Amino acid sequence: MSKIKDIKVDYYKLPLIGNLVDALHGRHDHFEVILATVTTTEGTKGVGYTYTGGIGGVAIAKMLEIDLAPKMIGKELPKISKCFGYEEFRATNLYMNNAIHYVARGGIASFVISALDIAIWDASLKEDNLAIADVFGTRQELVRTYHGGIDLTLTDKELLDSLETKLGEGHTRVKIKVGRENLEEDINRVKSVRRLVGDGAWFGVDANMVMHPDKAIRFAQNIEKYDIAWFEEPTNPDKYKDYAKIAQNTIIPVAMGENLHTVYEHELALDIGQVKEIIPDCSNICGITGFFDVAHLAKVRGLNVNSHGMQELHVNVIGAVDNPGLVECHSFPIYLYTNEPLIVKNGNLVPSTAPGTGVSFNFEKMEKDKK
C-alpha cells in the first residue's frame, strides 16, 4: 500500500487585472494560491491547492506546513473502492478535521484541509491511472458553465461591453454583481443586461451578502419579471432563517455556498435556509471529499450541485457527479497558471481525461508573476 512520504507547501501572491469590485470586499488587485505537493512512497506526486481573495493565505500556508502536514506523513494513501466508493477518502478527511478542529472548525482549517485533500486525490488517482471525472462511472462529457463577473462599479456601458466580450468568448450564461446603495441602480443594471443577453438566456445576480433581508426581498420582487436564474448570497450566510424568509417571498431561486466551510453548514442552508442552488467550493469545503459530500446532500433533495471559482478543477469534479449544475468561470484566473487549457465553447466546458484531478501548474509562470 502506497503511503504519504513527503508534503511540500508553496505560497504565491498573484496579480489581478481590471476594475474588480464587489459590494462586500471592495476592490481586488491580487489573489493568493497555496499549493500542497504530496509525494508518495511509490514516487508519485499529487498537487492540491486553495486560494484566497488576497487575505489569509500566509496563515493557511503556515498551518498546513506546521500543524497538519507532519500528522499526515506515513499515512496510507486512500483509494477508490471497486464499487466507486470514496469512503477511504472520507476517513482520511475526517482524520485531518479531527487533527486540527479544536482551534479552527471551518474557517482557515477548511482551506488547509482542502489543499491537502485535493493533493491526496491527485496522487491516488494518478497511481490508479484514473481521471477524477471517471471515479463514479458517470462522467459528464460536457459541463455547463457561466461567466461570473466582479463588476459592481462598472458603468452600464462598461458592464455591457465586458459581457459582450465574454459572450464572444463562448459564454452563453452570465452573472453580475449587485448590492449598490441605490436599489434602483441595481434594478436598472438587471434590466440592461437582460436586454443584452436576450430572453431565455441564463442570467444570475450576486449580492455578496450585503443586503438586509427586507431590501433583498424588495429587490428580488422587482427583478422577477426579468427571469433571473438565481439570487446569490443576498444576505449574511450565517442567518439561515433570513435566507428562508427571502426564499419564501420571491419566485427566484436563492443560492449560496462559497462562504460555507463545512458540510454541516451546507446541510443547514438546504434544510433551514431553503436554498435551491447550492454552490460549494473545493478550496474551502475540505477539498474534493467535502465537495462530493455536498453533491450527495443536494442529490437526495432532488437538486443539482454547482461550484464557485477554481473552474479548472471544478469542471472535472462536477464532471464526475450525476447531478451536475453549473461551473462558475470566476474572475480569479488560476486557470492561466495551469498547463491544460480551459476552453469555453457554446457555454460548456469539457472535463479532463488526464489521470488525477486534471490540474497541473506552470510553476515557471507562477514564479515570474508572483508579487
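Tutor: A residue counts as exposed when its relative accessible area is over 50%, and as buried when that area is under 20%. The model discussed here is predicted.

Student: Why is Glu87 called exposed?

Tutor: The relative accessibility of Glu87 is 51%. The cut-off for exposed is over 50%, so Glu87 counts as exposed.

Student: What makes Arg90 partly exposed?

Tutor: Arg90 has a relative accessible area of 36%.

Student: Why is the contact of Glu87 and Arg90 called a salt bridge?

Tutor: The N to O distance between the two side chains is 3.5 Å. A salt bridge requires a side-chain nitrogen of Lys or Arg within 4 Å of a carboxyl oxygen of Asp or Glu, so Glu87 and Arg90 form one. Both residues lie in helix H2, 3 residues apart, which separates them by about one helical turn.

Student: How do you know that Asp151 and Arg189 form a salt bridge?

Tutor: Their closest N and O atoms are 3.8 Å apart, and the limit is within 4 Å. This pair links distant parts of the chain: Asp151 is in the loop between strand E4 and H4, while Arg189 is in helix H5, 38 residues apart.

Student: Are Asp151 and Arg189 buried or exposed, and what values show this?

Tutor: Asp151 has a relative accessible area of 3%, and Arg189 has 1% relative accessibility. Buried means under 20%, so Asp151 is buried and Arg189 is buried.

Student: What makes Lys177 and Asp206 a salt bridge?

Tutor: The closest N and O atoms of Lys177 and Asp206 are 3.0 Å apart, against a limit of within 4 Å. Lys177 stands in strand E5 and Asp206 in strand E6, 29 residues apart. Lys177 and Asp206 are both buried. They also belong to a network of salt bridges with Lys175, Glu232 and Glu328.

Student: How are helices H4 and H5 placed, and which residues make their contact?

Tutor: The axes of H4 and H5 come within 11 Å and cross at roughly 30°, and the crossing is right-handed. H4 contributes Asp156, Leu159, Leu160, Leu163, Glu164 and Leu167, and H5 contributes Arg189, Ser192, Val193, Leu196 and Val197. These residues divide into 7 nonpolar, 1 polar and 3 charged.

Student: Which residues have the most contacts inside the largest nonpolar core?

Tutor: That core has 113 residues, and those with the most contacts inside it are Leu116, Trp121, Val190, Val205, Phe219 and Phe292. Helix H3 gives the most to this core, with 12 residues.

Technical notes: Residues numbered from 1 in each chain as written. Predicted model: local features only at pLDDT ≥ 70, side-chain atom pairs only at ≥ 80, totals over all residues. Heavy atoms only, no water. Axes fitted to C-alpha atoms, helices over the stretch in contact; angles between N-to-C directions. Helix = DSSP H or I, 4+ residues; strand = E, 2+ residues; numbered from the N terminus. Left-handed = near helix turned anticlockwise from the far one by under 90°. Contact = heavy atoms within 4.5 Å. Nonpolar A, V, L, I, M, F, W, Y, C, P; charged D, E, K, R; others polar. Core = buried A, V, L, I, M, F, W, Y, C linked by side-chain atoms within 4.5 Å. Buried < 20%, exposed > 50% of the residue type's maximum accessible area, 1.4 Å probe, protein only.
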